[in-house]
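Dear colleague,

Please find below the sequence and structure that I am handing over to you. My findings follow directly after it.

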Amino acid sequence: MANHQFKQNKLDEYYTKEYAITPLLKYIPTKTIVWCPFDKEESNFVKLLREHGCNVIYSHIDTGQDFFEYEPQNYDYIVSNPPYSLRERILERLFLLQKPFALLINEAGLFDSKKRFELLKNNKFETMVFDSRVDYIKGTEVMKGVPFKSIFLCSNVLPTTYVFEALAKK
């Protein structure tokens with residue numbers, strides 16, 4: 001088994017604060033099965049989706065579940081904060097899987113490659129835009145003032161092409 005995620009930039013391992021996930025919850029139905037493919041059990045995505053009433057399947061390259069080779073048997077949604085360095089390949093696989101998804105990603109450069117441009121041009125997607133930037137967690141440190149704007153890039157999750165949400169930072 002090849003480790004396709006091995007080439008992930010090691011600087012990609014940032015964790016999401018709860019307040020950035022909360023606005024998405026109202027668009028994910030309770031009692032659905034959500035796969036968090038870049039998460040461990042302690043992930044805020046896993047915790048909040050469970051509290052929301054979802055059955056959560058989590059997987060991570062560190063536990064031997066490579067997103068490009070592993071897929072749970074049964075799930076309804078894919079939700080996570082993926083490694084940004086692999087987002088083109090991740091988007092390609094997500095559109096092939098044809099499951100509703102919501103990824104918290106960096107909006108900068110989203111259309112900067114011809115391949116990403118074509119992927120997004122040829123597939124249905126929606127965007128959740130926030131009123132401010134998201135702070136991330138790196139190790140035990142909160143990374144405030146990151147130099148990019150985060151969005152949820154979704155497919156078959158949001159009711160309209162653009163949804164605007166205010167972040168209630170804690």
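The crossing of α3 and α4 is left-handed; please bear in mind that this is a predicted model. Helix α3 covers residues 87-97 and helix α4 residues 114-121, and the two pack at an angle of about 25° with their axes 10 Å apart. Because angles under 35 degrees count as roughly parallel, α3 is roughly parallel to α4. On the α3 side, Arg-87, Glu-88, Leu-91, Glu-92 and Phe-95 take part, meeting Lys-115, Arg-116, Leu-119 and Leu-120 of α4.

Beyond its neighbours within four places in sequence, Leu-49 touches Leu-25, Ile-28, Val-34, Cys-36, Cys-54, Val-56 and Val-79. Leu-49 belongs to helix α2 (residues 44-51), where Asn-44, Phe-45, Val-46 and Leu-48 are buried as well. The N-terminal end of α2 is capped by Ser-43, with a side-chain oxygen 3.0 Å from the backbone nitrogen of Phe-45. After α2 comes Gly-53, with a positive phi near 105°.

Finally, Glu-71 lies in the loop between β3 (55-58) and β4 (77-80). With a relative accessible area of 36%, Glu-71 is partly exposed. The side chain of Glu-71 makes a polar contact of 2.7 Å with the side chain of Tyr-75. Glu-71 and Pro-37, 34 residues apart in sequence, are 8.4 Å apart in space, C-alpha to C-alpha.

Yours sincerely

Definitions and conventions. Residues are numbered from 1 along each chain as its sequence is written. This is a predicted model: local features need pLDDT of at least 70, side-chain atom pairs count only at pLDDT 80 or more; totals for chains, interfaces and linings use all residues. Side-chain values use heavy atoms; hydrogens and water are left out. Contact means heavy atoms within 4.5 Å. Buried means under 20% relative accessible area, exposed over 50%, partly exposed in between (1.4 Å probe, protein chains only). Helices (H or I, at least four residues) and strands (E, at least two) are DSSP runs, numbered from the N terminus. A polar contact is a pair of N or O atoms within 3.5 Å; within protein, one must be able to donate a hydrogen and the other to accept it, and residues adjacent in sequence count only if both atoms are side-chain atoms. Axes are lines fitted to C-alpha atoms, for helices over the stretch in contact, and angles run from 0 to 180 degrees between N-to-C directions. Angles under 35 degrees count as roughly parallel, over 145 as roughly antiparallel, 65 to 115 as roughly perpendicular and the rest as oblique. A crossing is left-handed if the near helix is turned anticlockwise from the far one by less than a right angle, and right-handed if clockwise.
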